[in-house]
Each structure stands twice: as C-alpha cells, then as structure tokens.
Amino acid sequence: SRSRVYTVSAAGVSVDEPTIKTNVGALPCLFLSAILAAAAVIAVIAATALTTAASALQPRDPRAADRAAAALVASSSDEPGDGARVVRFSRRGAPLTWAAAIDALESGELGPLIDKSLRASPHAPALFWETAPLSKESRGALFEMATLRAPRLAGARADPSAFAVQLSAAAPCLATSFPNLGGDATLVVPCPPAAKGQPQQLDAYA
C-alpha cells in the first residue's frame, strides 16, 4: 500500500511514482544532516564554555600583579620659559631617587625607559640631555632629567681629534670617562664605532 501522487491535467490523470520514491528516499538524509549540523553547533558551544571555565579556574600568579604595580613609571612636563621637557620617574607612586636610579640602571630596568623618554621628547632627534649634578651627598635627591632643543646638533659631525688619546686608550668600549681639557669636570663620552661603517647606536643628543 504505497502512496502515490496523482496529477490532474487536461490530458487526464497520471501517477508520478518516481517522484514519490525520490522525495521519500531523501527525507532520511536530510534528517541526518540536520542532526549532524546541530551536534556540531552544540560541540562548539560546549568547547567554548569549557575553555572559559578552565581559564577562570586557573590560579592567578599574585607575583605578576605585584611586578606590574612595582614597575617604574615615567611622567613628563614642559617648563615655561626655556621650553625644557622634564621627565621624572616613580615606583608605586614614590619619586625615584638617585640611589634607586643607579640600582635600576645596573639591573637594566631604567635604561630602556630613559631611552623611550628621550625618543618621545619634542626636541628629538637633536637635543641636549641634562641631569642634576650627582655626588655622594646627593644620592638621596630626586632623580630627574631634562631635554632641550639643540638644532645645531642635527647637522653636526663629531671631531674625535680633541680626545683621540683618551678614546683610543679606552677602546673597545661603549662609553668612557675622563677629565675635560680644563680639568674642572669629568666627561662621560660614547666611544666611536670600532670599525668604519659600523652603525652608531646613539641618537644625536649631548
């Protein structure tokens, strides 16, 4: 007792059995495809939920938050008059002293922050870079630095002849120090490249 489709037309009545067989045979395939698609969607939702739950249950490292809170922070302000950009550093809201700055320089923490501040200066790429004088008595003083515009340095070329003896005695080096020609100050000087054509890693600031 198989169902048939009867078609009524001007030519009479006809039975379309192939159509019946095709449609009825396609129903199980369509039903199975729908089930598989629904199962795939459910699996994706379940995997996302499990991943989120696992991330929430993972223990957080309390030291990471502590390190973030203890990171050095730089703040800058522009002084009226000479237009100097003054940069100050702090940790946990407390200003950085010279003693703490020296420790941070030795650990490699402060150097990149100073370099970033110099590159962000409105006076870059040619600028004067200044800090307050340092002595044993001033190690507890506030550490800050300032940049000033130095347009003449933009096109200046180094003349190593004045200190050729001191520089050659210290080579190879990144920087060296020696008394100035007048003998009343100590100069900290970057060493020239070891080989001709070697890229200089310092910007044009003094």
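## Report on a predicted single-chain model

S138 sits in the loop that joins β6 (127-131) to β7 (144-149). The structure is a predicted model. With a relative accessible area of 15%, S138 counts as buried, because the cut-off for that class is under 20%. Leaving aside residues up to four places away in sequence, S138 is in contact with W98 and P133.

### Loop residues

Two other loop positions have backbone features to record. The peptide bond leading from A124 into P125 is cis, and its omega is near 10 degrees. P125 belongs to the loop between α4 (110-119) and β6.

R92 is not a glycine, yet its phi is positive, at about 55 degrees. R92 is placed in the loop that runs between β4 (85-91) and β5 (94-95). Is R92 buried or exposed? R92 is exposed, because its relative accessible area of 53% passes the cut-off of over 50%.

| Residue | Relative accessible area | Class |
|---|---|---|
| S138 | 15% | buried |
| R92 | 53% | exposed |

### The chain as a whole

The chain contains 5 helices and 9 strands. Their order along the sequence is β-β-α-α-β-β-β-α-α-β-β-α-β-β. What share of the 206 residues in the chain is buried? Buried residues account for 16% of them, and S138 is one of the buried residues.

Of the contacts in the chain with a separation of 6 or more, 45% are between residues 24 or more positions apart. The accessible surface of the chain is about 15000 Å², and carbon and sulfur atoms contribute 62% of that surface.

### Confidence

The chain has a mean pLDDT of 76. A pLDDT of 70 or more is reached by 67% of the residues. Residues 1-10 have a pLDDT that stays under 50, and the model gives this stretch 17 contacts beyond four places in sequence. Residues 201-206 also have a pLDDT below 50, with 15 contacts in the model beyond near neighbours in sequence. Where pLDDT is low, the predicted coordinates should not be read in detail.

Definitions and conventions:
Residues are numbered from 1 along each chain as its sequence is written. This is a predicted model: local features need pLDDT of at least 70, side-chain atom pairs count only at pLDDT 80 or more; totals for chains, interfaces and linings use all residues. Side-chain values use heavy atoms; hydrogens and water are left out. Helices (H or I, at least four residues) and strands (E, at least two) are DSSP runs, numbered from the N terminus. Buried means under 20% relative accessible area, exposed over 50%, partly exposed in between (1.4 Å probe, protein chains only). Contact means heavy atoms within 4.5 Å. Accessible areas come from the Shrake-Rupley method with a 1.4 Å probe; for residues, only the protein chains shown count as cover. pLDDT is the predictor's confidence in each residue, from 0 to 100.
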